[in-house]
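Please keep the sequence and the model in view while reading.

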Amino acid sequence: MTELEGNRPRRIALSLQYEGSFFCGWQRQRQGTSVQGVLDDAIAALDPLRPVHSVAAGRTDSGVHAAGQVVHFDCSGPIPASRWAPALNGRLPGSIRVREAVERPLDWHACYSASYRRYRYTVYNGRRPNLFLAPWSWHRYQARLDEQVMKQALQGLLGSHDFAAFQRAGSRRAHSRTTIQDVCIQRAGDLIHVEIQASGFLYGMVRLLMGQLVAVGEHRLTLRHFEQRWRERRRHEVKDGAPAQGLCLLRAGYPEEIFSKGGWYDCQPTYFLASEDPPPDPPPWPHHA
């Protein structure tokens with residue numbers, strides 16, 4: 001490699017995992033430790049001749065995990081793409097892991113080139129607390145969630161809509177429309193996994209949506225009222241969001257294959273509980289519902 005070739009800018013894409021409990025979110029903040037800040041410091045230590053500014057496919061909030069976050073940064077040093085993953089993992093804390101690194105064209109962008117983001121939310125619906133599930137799920141023990149009615153609520157979200165009801169204050173987006181491409185809900189004993197895939201997500205969208213969805217599953221909110229709230233943009237009625245620890249950015253996807261399947265696709269393991277310990281069934285719907 002000539003000196004000129006060694007100094008030319010190159011764009012590196014990373015498949016990144018992190019445990020969100022340790023961070024104030026992806027993006028750098030004036031106070032708190034961010035994933036972006038820790039990653040940029042590690043990159044700068046390995047490629048000190050170029051200012052570092054990593055870009056992510058999705059800006060996860062404080063406490064939210066990522067299994068297949070996609071990040072890009074530009075470098076000019078001699079480290080080949082294939083060596084960036086082990087080099088960074090040697091400098092990053094154990095709460096951040098690089099699964100794979102590849103070189104991409106300079107006009108490729110982790111955020112703007114993405115065609116979708118997919119999140120998974122995990123609800124632990126057992127009667128007793130479980131220490132091992134607590135960092136990765138929302139414990140709802142008051143009533144056994146009705147996943148069939150939750151599925152109906154999710155199906156109605158498919159398509160392009162204005163989801164202003166599920167947008168937290170402080171967003172810089174010019175509008176609140178997005179396209180939900182796929183939804184699914186699965187129960188495995190006392191565990192419920194909800195996955196939502198969209199072209200993009202509003203600020204705080206999944207956690208606000210999950211708070212409403214769990215209310216539907218506990219028969220505290222009817223399907224009709226759930227749909228009225230988001231279709232009529234009744235943000236003032238959407239009060240409590242689901243806690244951060246149950247949410248994980250499963251992956252960001254692109255029109256072309258970027259990483260190997262093992263290094264990027266569905267890398268959040270799911271728990272298996274050998275026995276069930278469900279809470280009581282939810283109360284019947286009110287007569288006026």
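A residue is called buried under 20% relative accessible area, exposed over 50%, and partly exposed in between (1.4 Å probe, protein chains only). Helices (H or I, at least four residues) and strands (E, at least two) are DSSP runs, numbered from the N terminus. This is a predicted model, in which local features need pLDDT of at least 70, side-chain atom pairs count only at pLDDT 80 or more, and totals for chains, interfaces and linings use all residues. Residues are numbered from 1 along each chain as its sequence is written, and side-chain values use heavy atoms, with hydrogens and water left out.

Strand β1 (residues 10-18) is largely enclosed by the rest of the structure, because 9 of its 9 residues are buried. In a regular strand, side chains alternate between the two faces of the sheet. Both faces of β1 are covered: Arg-10, Ile-12, Leu-14, Leu-16 and Tyr-18 are buried on one side, and Arg-11, Ala-13, Ser-15 and Gln-17 on the other.

Two strands pair if DSSP finds at least two bridges between them. β1 runs antiparallel to strand β3 (residues 65-75), to which 8 bridges join it; Ser-15 has Val-70 as its bridge partner in β3. Strand β4 (residues 96-104) also pairs with β1 in the antiparallel sense, over 8 bridges, and there Ala-101 stands opposite Leu-14.

A pocket is an open set of points on a 1 Å grid over the protein atoms alone, where a 1.4 Å probe fits, with protein on both sides within 12 Å along at least five of seven lines; lining residues have an atom within 4 Å of a point. Of the 22 residues lining the second largest pocket, those closest to its centre are His-65, Trp-136, Cys-267, Gln-268 and Pro-269. β3 contributes the most to this lining, with 3 residues.
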